[in-house]
Amino acid sequence: MRNIYLVLFLFLFACKAEEKYTLQHIPFIPKVGIRALEISETTTWFAGQNGTWGYIQKDKLYFDSIPEAKGMDFRSISILNDSTTLLLTAGSPALLFKTSNFGKTWQIVYENNHPDVFFNSMTFWDANKGIAFGDPMEGCFNILITKDGGKTWTKIPCTNLPVPEPGEAAFAASNTCISVAKDRITIVTGGVKSRVLVSEDKGNSWKAFEMPILQGSSMTGAFTHHFLDEKIGIAMGGNFEDKSSNQNNKVLTLDGGENWQIIAAGQIPGYTSCVQFASKQKIQTIFSCGDDGVYISKNLGQNWDLISTESFNTLRVDVKNRRVWLAGNQKLAYFVF
């Protein structure tokens with residue numbers, strides 16, 4: 001049976017850094033870690049461990065799991081419209097599911113059983129065109145493109161892609177390895193080598209640019225990034241094995257990713273799992289989250305203020321309703337901004 005809960009009241013979280021940023025937790029969330037989070041105009045979708053998925057619509061919480069994804073971890077999610085959503089597992093086998101009826105039924109639209117397959121992120125430009133990014137396999141980045149709303153997927157030829165550097169991969173921390181703005185796609189990598197891969201023609205051709213972000217070992221580099229438009233972008237991350245370190249873990253670009261500058265060096269936050277611009281109307285305002293809390297910058301990342309000390313994996317900004325949604329280990333919350 002499908003699990004359905006009616007959320008009549010949202011409980012207030014007691015801890016807050018400023019009175020206007022009060023976290024409100026959604027009760028009865030499934031007891032799994034959640035890293036896949038996305039919002040449409042009326043619906044907040046999420047997914048996580050053990051094939052679990054769910055959504056909130058009109059103060060009602062629905063969640064269930066997909067039997068074919070039992071034991072698997074959803075790290076990537078894309079919404080085409082309120083009822084149509086795609087979920088992609090991390091690790092092998094890689095399974096990409098699609099529903100067009102709010103999860104009543106799911107169809108596998110892509111499957112890969114290669115032992116080294118690992119997808120980090122997925123996003124769509126519109127209801128038809130989308131992209132998914134995975135770690136290198138057999139010396140080649142694994143990038144898929146769809147042009148029919150996720151019904152079919154085509155792998156970009158290795159000859160069209162930059163060659164991975166030794167130790168270069170990516171992180172499925174918050175489904176934010178990929179950012180799209182018009183025809184431009186950016187993908188951040190991490191590990192021993194951390195770069196940004198850029199396509200200006202929706203994935204047909206690619207270039208790679210260096211980033212000055214902390215890197216050099218397997219758990220360092222850019223864990224997340226977001227572009228406000230085709231020029232202004234921010235990438236954050238750090239060292240997952242030393243999460244308090246805040247040296248060179250935040251970088252900003254003003255030219256589409258060709259050049260980056262270190263910002264807020266030696267300042268909070270440390271390791272960061274997710275970063276998102278507030279909106280195109282508030283170009284200076286950025287939100288981020290990680291293990292040590294939720295933060296806001298009101299000057300394009302130059303300085304940051306702590307909103308909450310509670311840990312979260314990922315966040316998304318609902319501009320219409322002025323809410324920031326956050327997901328983490330067995331929890332889903334939001335605050336009004």
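Modeller: The count comes to 1 disulfide, where a disulfide is a pair of cysteine sulfur atoms within 2.5 Å. This is a predicted model, in which local features need pLDDT of at least 70, side-chain atom pairs count only at pLDDT 80 or more, and totals for chains, interfaces and linings use all residues. Residues are numbered from 1 along each chain as its sequence is written, and side-chain values use heavy atoms, with hydrogens and water left out.

In general, a disulfide is a covalent bond between the sulfur atoms of two cysteines. Here the partners are Cys-140 and Cys-158, with their sulfur atoms 2.2 Å apart. The link of Cys-140 and Cys-158 is left-handed, with -110 degrees about the S-S bond. Cys-140 lies in strand 14 (residues 140-146), while Cys-158 is in the loop between strand 15 (154-155) and strand 16 (168-169), so the pair ties together parts 18 residues apart in sequence. Strands (E, at least two residues) are DSSP runs, numbered from the N terminus.

Cys-140 counts as buried, at 5% relative accessibility, whereas Cys-158 is partly exposed, at 42% relative accessible area. Buried means under 20% relative accessible area, exposed over 50%, and partly exposed in between (1.4 Å probe, protein chains only).

Cys-177 is in no disulfide: the nearest cysteine sulfur, that of Cys-274, is 11 Å away. Cys-177 is buried, with a relative accessible area of 0%. Cys-289 is in no disulfide either, and its nearest cysteine sulfur, that of Cys-274, is 5.0 Å away. Cys-289 counts as buried at 1% relative accessibility.

Notes
Helix = DSSP H or I, 4+ residues; strand = E, 2+ residues; numbered from the N terminus.
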